Every structure is written in structure tokens, then in C-alpha cells.
Amino acid sequence: MALLATADACDSNAGLLATGELRALQPMFQAYGQARVFSGPVVTLKLFEDNVLVRELLETKGEGRVLVIDGGGSTRCALVGGNLAVLAQNNGWSGIVVNGCIRDVDEINSCDIGVRALASHPRKSNKKGHGEKFVPVHIGGAMIHDGEWLYADSDGILVSKSELST
């Protein structure tokens, strides 16, 4: 899959932006990981201060997909740490977007994966297994559905109903 510059994608897809088929997330995420540019089909999770389902999904083959985690915007604990980032990298995930916090920033920054999160926090999350997989999530002012496409680079994050051409 070819990497796409988000600014160029906005310029060449004004019609899709106007209809909402292409959405730009609000500029609220910090960039982590070695891959500053990443894209792929979206897999969604909705949970709160509990990362059991995050591990469950990252243990599967990523096949270039992007895990989008709606953690409710909580900044009280981390949903992704260094071990999960290594797991995602080793299983072929393209990236992770967290509407919440991460931890082990130095470990994550050494991984060949793209990660976007609100902030870092040293506290680990609960381990109860609560949450929902493959459901629509509302992050950064946009509704994101499982199976849509996400594109991230230094300019921001776009979500599209279908794969964009380069």
C-alpha cells in the first residue's frame, strides 16, 4: 500500500471532504514510534482504562491494519505500552491511534510502527476485559467505522470510507 501525504489527499479530494466520506481528525494527537507516516484499514476498539482487548487484537496478524482505540480520552492511565508496541510491530500492524495515553515512550519510539496518542502516562490500565470490538467510535471530532481507511503523517490524520488512490 502506497503512503499518501495527508495535505495532498485533502487537496485532491475536496469533494470527499465536502461529503464527509473523507474526514480530518482534530489536531490533538502526539506522534510516537519510528513510522511517522502510516496507513491501512481500520480496526476499532471502544474501552475505558482497560487494555485487555488491545492485547487480544494486537496478538493477531495485523496485515498492515491500523488499530484505532477509543479510550474515552482518559488521561489517568496508559492503554498501550512498549510490550504491546513490539507485539504490534512483530505481528505486522501499520499503526495504532489511541484516544487516551501510552507509556514506555522510549520503547515505543524504537519500534517500527506509527503510534498517535493524546499523551503519555506512567500508570498501567485495568485488566478486566471490558470493552467492544469492531464498533463505530467518535474520536477527534469524527466518527470512525471498522474497515475504513486511516492515513497519518506529520500534518495530521485522515479517515476515508474507502482506500484513496495516490
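A salt bridge is taken here as a side-chain nitrogen of Lys or Arg within 4 Å of a carboxyl oxygen of Asp or Glu. In the model, which is predicted, Arg-23, Glu-148 and Lys-161 are linked in a network of such salt bridges. Lys-161 is partly exposed, at a relative accessible area of 46%, whereas Glu-148 is buried, at 5%.

The count of salt bridges comes to five. One of them is formed by Glu-49 and Arg-76, for which the closest N and O atoms are 2.6 Å apart. Because Glu-49 is located in the loop between strand S3 (38–46) and helix H3 (52–58), and Arg-76 in the loop between strand S4 (66–70) and strand S5 (78–80), the pair ties together parts that are 27 residues apart in sequence. Glu-49 has a relative accessibility of 10% and therefore counts as buried, the cut-off being under 20%. A salt bridge also joins the side chains of Lys-133 and Glu-56, at 2.5 Å from N to O. Since Lys-133 belongs to strand S8 (residues 132–133) and Glu-56 to helix H3, this pair ties together parts that are 77 residues apart in sequence. Both partners are partly exposed, Lys-133 with a relative accessible area of 31% and Glu-56 with one of 36%.

Aromatic pairing was examined in turn. A pair of aromatic rings is described by the distance of the centres and the angle of the planes. The count comes to one aromatic pair. Its rings, those of Trp-149 and Tyr-151, have centres 6.4 Å apart and planes at 20°, so the pair is stacked, planes under 30 degrees apart being counted as such. Trp-149 and Tyr-151 are both buried.

In helix H4 (residues 82–90), the buried residues are Gly-82, Leu-84, Ala-85 and Ala-88. Viewed down the axis of H4, these buried residues fall within an arc of 160°, and they therefore line one face of the helix. An α-helix has 3.6 residues a turn, so residues three or four places apart point the same way. The exposed residues Asn-83 and Asn-90 are carried on the face of H4 turned away from its buried side. The cover over the buried residues of H4 includes H3, S5, strand S6 (95–102) and helix H5 (105–109). Gly-92, which follows H4, has a positive phi, near 85°.

Strand S6 also takes part in strand pairing, with S6 and S7 running in the parallel sense over six bridges. Within this pairing, Cys-101 has Ala-119 of S7 as its bridge partner. Strand S7 is joined as well to strand S2 (residues 30–32), by three bridges and in an antiparallel arrangement, in which the bridge partner of Gln-30 is Ala-117 of S7. Of the seven residues of S7 (residues 114–120), five are buried, so this strand is largely enclosed by the rest of the structure.

Methods:
Residues numbered from 1 in each chain as written. Predicted model: local features only at pLDDT ≥ 70, side-chain atom pairs only at ≥ 80, totals over all residues. Heavy atoms only, no water. Phe/Tyr/Trp six-rings, centres within 6.5 Å; stacked < 30°, edge-to-face > 60°. Buried < 20%, exposed > 50% of the residue type's maximum accessible area, 1.4 Å probe, protein only. Helix = DSSP H or I, 4+ residues; strand = E, 2+ residues; numbered from the N terminus. Arc of directions from axis to C-beta. Contact = heavy atoms within 4.5 Å. Pairing = 2+ DSSP bridges.
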